[in-house]
Each structure stands twice: as structure tokens, then as C-alpha cells.
Amino acid sequence: MIVATALLIIGLVLLVYGADRLVFSAAILCRAIGVPPLIIGMTVVSIGTSLPELIVSFSASLHGQMDLAVGTAVGSNITNILLILGGAALLHPLRLYSRLLARELPLMLLITLISGLLLFDNMLSRNDGLILIAFAAGYLLFIINIARKAERGDTDSLTREQLAELPRDDTGNTVAFLWLGVALIILPMSTRMVIDNATVIANFFGVSQLVIGLTVIAVGTSLPELATVIAGALKGEDDIAIGNLIGSNIYNIAIVLGIPALLHPGAVDMHAFARDYWIMLGVSALFTLICLRRSRCIGRVAGALLLTGFVAWVALLYWLPSATFW
């Protein structure tokens, strides 16, 4: 058990590091072929925060572990709002300035509602996967359109912050390809470490793969979001901090949930919809209401309440694993 826990932690660290190196090399190579910097920042780098979840979900679905894949997607969204947003707001109150993010919040709620309709029958089919991937493609085109407008001078507070934060890296293509190779070696190895040892831990504690995906793996794969949100909050770049969470939550449902449905359609643990989906929907609605109220501020009191909600949710999963809301 101790060995499995240690290997799981090492696997998660390597997974996050490998994903970071993959995004780093992809950004350099995209710039080399002439992709505008802001488009790189709003697409490649943005998707990169959900890359650990995607890799775990992809690998789990290939091995028929659909509950682990679904738990990772749903749990990451809950973790992003309750733990990461709550923790960041406790450190530094966040205020939403961007009109673009105000338009993205309803999109996040929409894809959350769509996922509920797809999970209602406790199944994920290939058609469900196609619907989710189509939404992801539409959202990506929406982001690219925003980036192109910003490149022409139609900037928003979010795009101005992202332009200021874009790395000015002169690393050559050779180094980028080397990092790409390193990432492609690390990622499959670390993913197997995470999934295999998560299964061992689940069996040891007598909990389902869904619960392990919702908690241990969701928290571990959310480390990139944690880093970017806290860094943005401490720098006073509130729109980047909030925007990273909105984008990550959309990609987690549309891609991280959509890919397993395409690769390995099948039954899903009933608790994914009857319990966990409703928590995800509830915290997503709360996130939207807090951001769109008149003050548009997420203060320390709200942060403390969100963190308390995270602790209560984890306690519910482990103390009352059979609880449902439907």
C-alpha cells in the first residue's frame, strides 16, 4: 500500500511534468510555423491545463476503465471550483473584469447540462462522444475567433493579460523536438503508474474506481490549474486565473469525457449521474452566479465556503459512498 501510494504520487508528478513539456514544445513549434502568439496562448497553452486529465482518461478508456475516466473528468471540474478557486480566493480575492469570460460562463453551464443529459441513462455511447467532441471543436473555433480579433487590436482585459504573459522564449526547434521526445516517453509511463497504482489503492480501501478518479486522480491532474490560478491571483491577473478554470472545465467535459465515449462506449457507474453530476452542476451554477453578480468578486468568505464544500464532498464520498441525489 505504501509503495502503491508513493508510485501514484511519483506518477502524477511525472504526468504533470510531461504534459508541461509537451505543451512547451508544441507552443514553440506552432510559433515556428507562423501561428500567432495569442492563438497559441489561448488554444495550445489553454488545452494544456487539461492535458493530464485527457491522458489519464484516454489510457483508462483503452483499458476498459470507463468509471476511472468519467471520475477524472467530473472530479476535476468539482476540484477546480471548490478547491482551486476557493484556495485562490482565500489567498487573494478575485474580480471578473473580462466581458469575454462573462460570455464563456454560460457555455460552461451549457456543456455541463449536456453532459447530464448524456449520463442520464448511465451509459456513454459513441454518439454521446461525437456530441461532446463537436462542442469542443465549436468552442475552440470560438476561442480562435476571439484571438484573431485581439490580434487586430480588439482586445479585452483577458486577452491583454494573456498577451502580457506570453513567454518570450528563443528556444530553437531542435530543443523543442527533444522536449517533445522526452514528453512522449514520460507520458505513457507515468500514466500507467497512475492508473495501476490508483487501482491498487481503490482495492485496498474498498472504494470504486469512480471515487478514486473523483478524488485522488482529479486532484493530482489538476495541479497545472492550481499553479496557473494561484500565479494569476498573486500577480493580480484575475481574468487569467478565472479564465483558466472556465476553459479547463469546458475541455474536461467536452474532450476528457468525450474521448472515452468514442474509444470505449459502455456502462458508467450509476453514482456518476445520481450523485457526482449534481454536485458538479451545483458548483458550476454557483461559480457562474458568483462571477456574474453585480460586484463580480469572489472574496475570502466565498473562498472559505468553497474550500469547506470540497472537504464535505470528499467526506461524503468516503463515508457515504452509496449516497445519491437522484
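A salt bridge here is a side-chain nitrogen of Lys or Arg within 4 Å of a carboxyl oxygen of Asp or Glu. The structure, a predicted model, holds 1 salt bridge, and you will find it between the side chains of R275 and D276, at 2.7 Å from N to O. Side chains of opposite charge can pair when their charged atoms come close. R275 is buried, with a relative accessible area of 1%, and D276 is buried too, at 0%. For these labels, buried means under 20% relative accessible area, exposed means over 50%, and partly exposed lies in between, using a 1.4 Å probe and protein chains only.

A word on the ground rules before going on. Residues are numbered from 1 along each chain as its sequence is written, and side-chain values use heavy atoms, with hydrogens and water left out. Because this is a predicted model, local features need pLDDT of at least 70 and side-chain atom pairs count only at pLDDT 80 or more, while totals for chains, interfaces and linings use all residues.

## Helix α14

Helices (H or I, at least four residues) and strands (E, at least two) are DSSP runs, numbered from the N terminus. Helix α14 covers residues 271-292. Its 22 residues reach 30 Å from the first C-alpha to the last, close to the 32 Å expected at 1.5 Å a residue; the expected span is 1.5 Å times one less than the number of residues. α14 also bends by about 35° at Y277, where the bend is the angle between axes fitted to the seven residues ending there and the seven starting there.

How much of α14 is buried? The count is 16 of its 22 residues, so the helix is largely enclosed by the rest of the structure. L281 is found in this helix and counts as buried at 15% relative accessibility.

## Helix α5

Helix α5 takes in residues 66-91, and its 26 residues should span 38 Å at 1.5 Å a residue; the end C-alpha atoms are 36 Å apart, which agrees. Where does α5 bend? The bend is at N80, by about 35°. α5 is mostly covered, with 21 of its 26 residues buried.

α4 has 12 residues, which should span 16 Å at 1.5 Å a residue, and its end C-alpha atoms are 16 Å apart, in agreement. Of those 12 residues, 9 are buried, so α4 is largely enclosed by the rest of the structure. Among the buried ones are L51, P52, E53 and I55. Just after α4, G64 takes a positive phi of about 75°.

On a 1 Å grid over the protein atoms alone, a cavity is a set of points where a 1.4 Å probe fits but cannot get out, and lining residues have an atom within 4 Å of a point. Grid points are joined across faces, edges and corners, and a volume is the space filled by probe spheres set on the points. The count comes to 1 cavity of 30 Å³ or more, and the largest cavity holds about 30 Å³ of space. Its lining is made of I47, S50, L51, L54, Y251, I255 and V256. Both α4 (51-62) and α12 (238-256) supply at least two of the lining residues, with α12 giving the most, at 3 residues. By class, the lining has 6 nonpolar, 1 polar and no charged residues, where Ala, Val, Leu, Ile, Met, Phe, Trp, Tyr, Cys and Pro count as nonpolar, Asp, Glu, Lys and Arg as charged, and the others, Gly among them, as polar.

Most residues other than glycine have a negative phi. N122 has a positive phi of about 60° although it is not a glycine. This residue lies in the loop between α6 (99-119) and β2 (123-124) and counts as partly exposed at 25% relative accessibility.

Is K235 buried or exposed? At 52% relative accessibility, K235 counts as exposed. K235 sits in the loop between α11 (223-234) and α12, and its C-alpha is 9.6 Å from that of H92, 143 residues apart along the chain. V23, in helix α1 (residues 2-32), counts as buried at 14% relative accessibility.

Note on methods. On a 1 Å grid over the protein atoms alone, a cavity is a set of points where a 1.4 Å probe fits but cannot get out, and a pocket is an open set with protein on both sides within 12 Å along at least five of seven lines; lining residues have an atom within 4 Å of a point.
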